[in-house]
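User: I would like a close look at a single part of this model, followed by an account of the contacts and packing elsewhere in the chain.

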Amino acid sequence: MLIVCVLGNRQNEVLLSNTIQGLFFASPPMAVLSSSNELCRNHSAIYLRELEKLTIWALRMYDSSAKIPSGILNGNVNQFGDFDQCLKVNDENLGIKGQYCLTYVEMTLPSNANEKLKYIIDLMHSHSAFRSRLEDQLAFIFQPGHRVPRFSTMNWAVCTPASCSAADIEHEMYLLLSKYVDTTEINLRLKVDPDMCQTFRPSIVPTTGSLIAMSVFGILIVIIMLSTIMDKYNMFLNPEKNMSKVLHSFSLIRNVRQLLSVNESPEDIRSIHGIRALNAFMLLASHKSMAMFFNPYSNRTAMTEHLGKQWTVIARAASLYTDPFIFMSGLLTAISFLRHLDRKGTIDLPKELISRFARLVPTMGAIILFCTLILPNLGSGPQWNLVVKHHADICEKTWWRNFLFIHNYFGFKNMCLSHTHHIGIDSQLFMISPLLVWTLWKWPRKSMAALVALATISTGLRYYVTLTKKLNLFINFGSS
């Protein structure tokens, strides 16, 4: 009887071993065994050993890593594995914790490569709707990264012991993929950014800056609640006093009423409101649809083929919805200044500048505070550091440029709140508008001729740069 039980156990072990080997042969585990870091090598060897024993934490680490999926020819190449399961891997006895890393894999072909292979790579990359290289660091629109995803690279998740560095994982991934990819035909490159490797954080300890930012927003919420209550029960005894005016301006009741008001000023240009609303809606739709590209589509190639059709230029011509805001701002500024000149013969520049800065600076400051010091602590995920944290790091270094309204001169990839680039342009044009409007009011004919000449030169320069640099006036299918 004892012999039968022993033989039965051995048979079960053999069957289990064969099952495991078959599973690993189909999708081999990624273990960092070639690292120069001894602790990383030891933990990786333990991981493989425990995986053969079907130890749960090792199975979870294996299960969390990306596997070769179906639908590769339809662009299903971005595999994010299981982020939460990987971070929960923890064996206190062995001192092994899970680490989630998102690796970037780039496969390119030489110009004389096989045409069938070219077509296969093209389908995998969804026709490279946005062309990029690993050197195109995290940037904004037209330089894919933290606002527009790279279509020319693949995102591949791996779960490894936390003792392994990003460089160790990058080297091991290259060795692993080189076994299955003919590197003489395909140029294979990998990158593992240390910022894209994450481990479990049991709690978030806010920095001093985050505490200050939360305190500022907390005080603001208290003021809003106090102002709203006072407004509801008519507690503003002296509404004409400056302090009462300032406090009353925070009332939700007052602001909602003004926001929804349809009363018109006699000096309003009614068509401006419609143009502004239409452009704002189209710009919002364009930005939101761009953000959707980060989702792991299983049919991304089909999606990009639809987005490359002619009628989609309505959404892809995003600049058409940005530039009109500058045009409308210039129109309203010119009309306002001309009215002042007709009535008083002068423009109160200090008042105009203070009014503009009072409208723009607090709002921009609040957004910078939130995006830099609070938002990074509100979530996590495979691409959280790519999309959110990197943008926060830029704002932490370059926030002062936004308050000087010069942030548009440093390129999208170095810009805090890159979607506010047109505010910088508009503010700079506002600075010179009093001089232009005054000369137009003082010498109408001469100034008009000078303005036409200036506009012609500006248009010519823009045409020259667009032509020589081969730029796209709208988001073109397959643009770099």
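In which helix is the place of Ile423?

Analyst: The model is a predicted one, and Ile423 has its place in helix α16, which spans residues 421–442. Not counting residues up to four places away in sequence, Ile423 touches Leu360, Met364 and Phe405. Its C-alpha atom is separated by 9.4 Å from that of Ile406, a residue 17 positions away along the chain.

The packing of the chain gives the wider setting. The largest nonpolar core has 47 residues, among which Tyr47, Trp57, Tyr100, Met107 and Ile169 touch the most other members. At least two residues of this core come from each of α2 (38–52), α3 (56–64), α4, β2, α5 (115–124), β3 (154–161), α6 (166–178) and β4 (187–191). Strand β2 gives the most, with seven residues. Ile423 belongs elsewhere: a second, separate core of ten residues includes Ile423 together with Cys371, Phe405 and Cys416.

Leaving aside neighbours within four places in sequence, Tyr100 is in contact with residues including Phe80, Phe83, Cys86, Ala157, Met196 and Pro382. Tyr100 is buried, with a relative accessible area of 0%.

Aromatic pairs number six in the structure. In one of them, the ring centres of Phe83 and Tyr100 are 5.0 Å apart and the planes stand at 75°, so the arrangement is edge-to-face. This pair links distant parts of the chain, since Phe83 is in helix α4 (residues 83–87) and Tyr100 in strand β2 (residues 96–108), 17 residues apart. Phe83 counts as buried, at 8% relative accessibility. Another edge-to-face pair is formed by Phe217 and Phe370, with 6.4 Å centre to centre and 85° between the planes. Because Phe217 lies in helix α7 (residues 208–232) and Phe370 in helix α14 (residues 349–374), this pair ties together parts 153 residues apart in sequence. Phe217 is partly exposed at 21% relative accessibility, and Phe370 is partly exposed at 31%.

Charged groups also sit over rings. The charged end of Arg401 is 3.7 Å from the centre of the Phe410 ring and sits over that ring.

Salt bridges come to a count of eight. Glu106 and Arg189 form one of them, with their closest N and O atoms 2.8 Å apart. Here strand β2 supplies Glu106 and strand β4 supplies Arg189, so that distant parts of the chain, 83 residues apart, are linked. Glu106 is buried, with a relative accessible area of 2%, whereas Arg189 counts as partly exposed at 26%. Lys118 and Glu115 both lie in helix α5, three residues apart, about one turn of the helix, and their closest N and O atoms are 3.6 Å apart. Glu115 counts as exposed at 56% relative accessibility, and Lys118 as partly exposed at 26%. In helix α15 (residues 384–403), Asp393 and Lys389 are four residues apart, about one turn of the helix, with a closest N and O distance of 3.2 Å in their salt bridge.

Finally, an unreviewed UniProt entry lists residues 204–226, 357–375 and 448–465 as "transmembrane region". In the model, residues 204–226 are 83% helix and 0% strand, with end C-alpha atoms 31 Å apart. Residues 448–465 are 100% helix and 0% strand, with end C-alpha atoms 26 Å apart.

Technical notes
Residues numbered from 1 in each chain as written. Predicted model: local features only at pLDDT ≥ 70, side-chain atom pairs only at ≥ 80, totals over all residues. Heavy atoms only, no water. Contact = heavy atoms within 4.5 Å. UniProt positions renumbered as here; feature names shortened; annotations may be inferred. Phe/Tyr/Trp six-rings, centres within 6.5 Å; stacked < 30°, edge-to-face > 60°. Buried < 20%, exposed > 50% of the residue type's maximum accessible area, 1.4 Å probe, protein only. Lys NZ or Arg CZ within 6 Å of the ring centre and 35° of its normal. Core = buried A, V, L, I, M, F, W, Y, C linked by side-chain atoms within 4.5 Å. Salt bridge = Lys/Arg side-chain N within 4 Å of Asp/Glu carboxyl O.
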